[in-house]
Amino acid sequence: MTAVIVGASLLAPTPAAEAAGVTTHGWMAVEAIDLVDDPGLMALLRAHEEQVRAGAMFPDVGYVNGNTYGEEAHWQRFVDAYVDLIAARTDCGPDLADPAAPCADMIAHAFGVAGHGMGDEVWDWLFEPNGPDLDEYYVNGLPTANEGGAETQMDLVAVGVHGVPRPAIPALPDIPTLLQAFEDAGFGGVTESQFALVPHAAAVWDLETQWAAEHLAGVQAAMPWMSANMVTAPGGVDFAAQAIAGYWGSMWGRLQGDQPPTEVSITYPAPGQDDIPATGWVRSYQPGSSRGRGGARTRITAVLTHARPYAPPTGGPGVPAEMAPGTMTVTDVASGAALPVLAGFPRSVPYGGDAGQHLIDVQPAQDLSPCSWYEVAVGVTTPVTDARGEPVTPHTWRFRTACGAEAHTITGTVTDPADQPVAATQVLAYRTTDGFIPTGQAEAGPDGRYEITGLPEGTYRLAFLPPADAGLGMVWSGQSPGRGEAEPHVVPGAGLVADAQLAASRELSGRVTAADGAPLAGIAVYAVAATDTWVPTGVTATSADGTYRFQGLPVGVYRVAFQVTPGSPLGWYHQAATRQTATPVPVGATPVEGIDHQFTP
Ligand SMILES: [Zn+2]
């Protein structure tokens with residue numbers, strides 16, 4: 001029997017159509033090793049990396065050639081039985097974390113198996129629904145590929161783009177323990193002969209590498225987003241690795257007789273994620289990539305480190321997937337109101353409730369508001385129970401819906417004291433971190449209206465600068481005289497409007513002379529308001545006759561400084577050396593004249 005023929009039989013159509021491919025499964029589990037909290041466990045798994053990878057491929061071999069164990073090997077029910085058998089052994093040595101200890105390869109295998117089930121859950125629920133959303137499908141004669149899942153297609157990306165290596169499949173560590181674990185889980189009838197193909201699982205990689213030569217470019221062309229994002233997308237390789245590492249932390253404690261409280265390991269949306277769609281929420285939610293499914297981006301999912309309750313595989317009353325009201329909630333942060341929940345939610349996902357799943361999900365029964373924050377709470381008001389009947393550690397996080405272009409726009413109207421529009425007023429939008437150059441800028445039209453679009457996220461204060469000949473003074477948002485007191489506007493935001501009414505010009509004027517009394521031309525003159533730091537409110541220069549004139553200063557108190565050339569020392573009114581000792585000059589409705597300065601040698 002050649003490897004290829006073995007591979008072909010391995011890859012006979014399986015009931016697990018909606019699942020990650022075995023190559024991707026091995027990759028996810030190996031990626032998770034670096035994310036493990038406990039350094040001892042990390043070292044053990046690293047030392048037995050190929051056993052981890054082989055364990056992560058093991059469940060899907062259980063679907064082929066009349067094998068029966070595949071489905072059962074995916075679930076917490078089986079993993080708990082396997083872990084408990086290892087924990088009960090007396091021949092594992094004094095230190096379970098010792099990579100050379102007798103049970104180390106068995107631990108690595110069990111953890112790899114667990115990584116497979118977790119990988120399927122997150123991949124099926126969060127990644128594959130992107131297929132129908134984006135209409136990304138590729139079959140085109142690719143063996144074992146179908147539209148219900150993206151596993152073979154993405155396996156080609158894994159081997160062809162990401163260089164996932166050919167697995168080196170070690171021998172199964174302990175077949176009697178494995179068979180006993182199926183018995184203990186309540187799943188009888190598994191025999192050693194069902195594991196006959198396990199040592200040949202690397203043939204899948206060989207076949208996929210051959211297929212990639214013919215099909216990879218087609219997969220990338222027909223499934224561009226999924227091909228480009230299979231690592232970083234929710235439910236993809238990185239997400240799965242994080243979920244698997246959390247699961248392993250729980251298993252590691254259980255193995256040592258001290259299983260920690262079940263926690264949320266990772267969520268979709270991510271905490272603080274701010275681009276979640278506001279619409280499209282009221283729909284049917286299914287796993288996988290079959291046409292007509294989808295809704296990948298409108299799901300609210302938390303991954304647990306230990307499963308929800310499970311039932312025996314046969315004969316029991318079963319466990320409902322639906323969870324009690326209040327176990328998982330969504331609240332509009334601004335109003336504090338809890339959102340109504342879609343029928344059937346919150347619930348365990350992606351599948352039925354009986355086998356021990358790790359994902360829980362709540363779906364609002366309405367669309368969300370754009371540009372709004374929502375808080376998700378797990379087990380805060382009503383406990384979520386795990387498979388031991390223990391409460392999951394309460395967990396909350398927030399996400400925001402995407403803001404439309406209008407939320408990145410500030411508009412308004414600029415008027416004069418007679419409520420007439422002031423055309424050609426420059427409106428400058430400063431973020432907190434801006435210096436002299438504003439982030440956004442627009443000019444008011446003949447009707448006095450302006451619109452600044454495309455503003456990046458931030459808090460803005462606006463300056464309104466009328467044309468020089470308007471006889472009007474500048475003002476900051478909120479009719480403030482300076483930037484420090486200006487009214488802030490937070491982008492993104494709904495309906496951001498900043499109107500301004502410009503007051504009549506406030507004038508300040510004077511004359512600059514040399515020590516001999518001759519007029520000095522081209523001297524820079526600065527009107528410095530109390531709150532100015534780097535940028536003075538007013539900047540002008542003297543004319544040939546030594547005179548200068550500010551028009552349109554905001555009402556306020558100024559220190560006036562004079563400078564011969566850039567970088568030279570400032571002289572301050574009235575003949576002072578520093579800003580602190582300068583004479584304050586109040587500027588109001590009445591023009592202020594005679595603010596003169598004489599440069600002395
Ligand atoms: Zn699977």
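Two strands pair if DSSP finds at least two bridges between them. I keep that rule at hand for the sheet below. The model I am reading is predicted.

**Sheet.** I looked up the strand order and found an open sheet of three strands, β3-β6-β7, with antiparallel pairing. I then checked the edges. β3 (328-332) and β7 (395-400) each have a single partner strand, so one side of each is left without a neighbour in the sheet. From one strand to the next, the twist averages 20°.

**One pair in detail.** I followed strand β6 (residues 373-378) against β7 and found six bridges in the antiparallel sense. Which residue of β7 is the bridge partner of Val378? I traced it to His395.

**Domains.** I noted the division next: domain 1 covers 3-400, domain 2 covers 405-501 and domain 3 covers 507-598. I also looked up the distance between the centres of domain 1 and domain 3, taken over C-alpha atoms, and it is 71 Å.

**Cores.** In soluble globular proteins, nonpolar side chains tend to be buried together. Here I found that the largest nonpolar core has 112 residues. The residues with the most contacts inside this core are Ile107, Ala110, Val122, Ala240, Ile244 and Trp248. Which helix gives the largest share of this core? Helix α6 (residues 104-127) does, with 14 residues. Leaving aside residues up to four places away in sequence, Ile107 touches Leu44, Ile86, Leu96 and Leu255.

Conventions
Residues are numbered from 1 along each chain as its sequence is written. This is a predicted model: local features need pLDDT of at least 70, side-chain atom pairs count only at pLDDT 80 or more; totals for chains, interfaces and linings use all residues. A nonpolar core is a set of buried Ala, Val, Leu, Ile, Met, Phe, Trp, Tyr and Cys residues joined through C-beta atoms within 7 Å. A residue is buried if 20 or more other C-beta atoms lie within 10 Å of its own, exposed if 12 or fewer, and partly exposed in between; C-beta atoms are placed from the backbone. Helices (H or I, at least four residues) and strands (E, at least two) are DSSP runs, numbered from the N terminus. Two residues are in contact if their C-beta atoms, placed from the backbone, lie within 7 Å. Domain bounds come from an automatic or database domain assignment. Axes are lines fitted to C-alpha atoms, for helices over the stretch in contact, and angles run from 0 to 180 degrees between N-to-C directions.
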